[in-house]
Amino acid sequence: MRILNNISLKNLNTFGLDVSAKYFVTVESEEDVLELLSSEIIRNEKWMVLGGGSNVLFRKDYNGLIIKNDIKGRTVEKNGGVKVGFSAGEDWDESVAFSVENNYWGIENLSWIPGKVGAAPIQNIGAYGVELKDVFHSVEFYNVENREKYTLGAEECQFGYRDSIFKNKLRGKIIITKVHLNLSEIPNPILEYNGIISAFESKKITEPTLTEIRNLIIEIRKSKLPDPYFLPNAGSFFKNPVIGQEQYIELLEEFPKIPAFVNDKNRYKIPAAWLIEQTGLKGFKKGKVGTHQNQPLVILNLGYKKGQRIIDFANYVTREVKNKFGIKLEKEVNIV
Ligand code: FAD
Ligand code: EPU
């Protein structure tokens, strides 16, 4: 384990921000984590863990220690179902590909989400009708303060829509080393998300295989979402706001076409992409930042080296949406 100084993070964040880290270390094993935890630097400097950098926005150079998580490995236990453990530095989508190749159902709808396994529980990643919590067994992590190792089950992680204990009580306090998932060899296709069934119908597929589901999800995602390599971004910049029935009914009177998805607690999830589009900001650019022309929930960095101007732009979008609909958009991206 070697601590490096003044390292560029340009290729380590999907916004392509040309920021640097005062100190930088790569951990490749739990032994590395333990060595780091007993070192001076983690006591004296501010620090953060970086996975694939696909959900962070660096406002400026990072004046502390970046811990790059590269712990690799996976374990498979069969006991009725299949419990698969992925180490935190494994690529998320490679882990989905591994599961699909081995005929383990559960995470195929989460195909093609960038990033590492270790970040998946942080915001309870979700897409196409599935969230990590649906297949989650447990997570292993170290608490930096007391250097102890912990394992938390699904209940304790307090998962919600793009939310967990790791974004709240344990924010900035832990290093996740492994995530265990409950997968299954029994087929369980989840196809209810808007557009999936019709896409299979048009392909004349009635009983899609795991591979067909993965391939379709990848196809849909590629058609909607910009590739960060060409158009740097961090996926959805904002969460979809969730509002109560009263507010929804009021909005419906003024905006009869407002789309909404009702959740089990009788709350209404409103697509932020629709709200932004209605304010006229779809495909809108200001300086070297803009919203994507196919999906305005995605903010593109068109050439800034530091994140502040992107934050200013996001705040402008937030204000416009608030003025028109009275809804305050919450950022999904982690601002550093
Ligand atoms: P990073 O961006 O590196 O880190 C995110 C946060 O997690 C940071 O606060 C970091 O400190 C913390 N963290 C990371 N690893 C650890 C660890 N081992 N221990 C402790 N803390 C850690 N997300 C979805 O949910 N659904 C989508 O459909 C989706 N689509 C996307 C599409 C695109 C094109 C892009 C660019 C992003 C998309 N995202 C999506 C967002 C992003 O991919 C996920 O949030 C992903 O889980 C982030 O992983 P990462 O390794 O890049 O995390
Ligand atoms: N819409 C518009 N205009 C647009 C695009 C979409 O009005 O230009 C409206 C439509 O009503 C559409 C609805 O938004 O039905 C939903 O659009 P989409 O299916 O593209 O999904 P989303 O709500 O915009 C969410 C996640 C994505 C995830 C997709 C698929 C959030 C914040 N985002 O986007 O996750 O991939 O669903 O499940 O929940 C991410 O978190 O980074 C991310 C990309």
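The model is predicted, so local features need pLDDT of at least 70 and side-chain atom pairs count only at pLDDT 80 or more, while totals for chains, interfaces and linings use all residues. Residues are numbered from 1 along each chain as its sequence is written, chains are lettered from A and ligands numbered from 1 in the order in which they are written, and side-chain values use heavy atoms, with hydrogens and water left out.

A side-chain N or O atom of Glu-277 is 2.6 Å from a nitrogen atom of the ligand, and one of Glu-332 is 2.8 Å from an oxygen atom of the ligand. On its own, ligand 2 has 830 Å² of accessible area (Shrake-Rupley method, 1.4 Å probe), and the protein covers 83% of this. How many residues surround ligand 2? There are 24, with Tyr-128, Tyr-161, Tyr-193, Glu-277 and Lys-282 the closest; a residue is counted if one of its heavy atoms lies within 4 Å. By class, this shell holds 11 nonpolar, six polar and seven charged residues. Here Ala, Val, Leu, Ile, Met, Phe, Trp, Tyr, Cys and Pro count as nonpolar, Asp, Glu, Lys and Arg as charged, and the others, Gly among them, as polar. Helix H7 (272–278) gives the most to the shell, with three residues; helices (at least four residues) and strands (at least two) are DSSP runs numbered from the N terminus.

Trp-274 is found in helix H7. Trp-274 counts as buried because its relative accessibility is 17%, where buried means under 20%, exposed over 50% and partly exposed in between. Its contacts (heavy atoms within 4.5 Å) include Phe-255, Pro-259 and Phe-325.

Around ligand 1 there are 33 residues, and Val-49, Gly-51, Gly-52, Ser-54 and Arg-221 come nearest. The side chain of Ser-54 places an N or O atom 2.7 Å from an oxygen atom of ligand 1. Nitrogen atoms of this ligand lie 2.7 Å from a polar side-chain atom of Arg-221 and 3.2 Å from one of Asn-69. Taken alone, ligand 1 exposes 980 Å², of which the protein buries 92%. The shell comprises 16 nonpolar, 14 polar and three charged residues. Strands S3 (47–50), S8 (126–127) and S12 (174–183) each supply at least two of its residues.

Attention now turns to the interior. In soluble globular proteins, nonpolar side chains tend to be buried together. The largest nonpolar core has 45 residues, of which Trp-92, Val-139, Phe-166 and Leu-181 touch the most other members; a core is a set of buried Ala, Val, Leu, Ile, Met, Phe, Trp, Tyr and Cys residues joined through side-chain atoms within 4.5 Å. Elements giving two or more residues to this core include strand S7 (81–87), helix H3 (92–101), S12 and helix H5 (210–224). Among the residues that Phe-166 touches are Val-139, Phe-141 and Ile-174. Apart from this core lies another, of 44 residues, including Tyr-268, Ile-270, Ile-311 and Leu-329.

Two loop residues complete the picture. Most residues other than glycine have a negative phi. Arg-147, in the loop between S10 and S11, has a positive phi of about 65°, and Lys-204, in the loop between H4 and H5, has a positive phi of about 60°. Arg-147 is partly exposed at 41% relative accessibility, whereas Lys-204 is exposed at 74%.

Conventions. A polar contact is a pair of N or O atoms within 3.5 Å; within protein, one must be able to donate a hydrogen and the other to accept it, and residues adjacent in sequence count only if both atoms are side-chain atoms. Buried means under 20% relative accessible area, exposed over 50%, partly exposed in between (1.4 Å probe, protein chains only).
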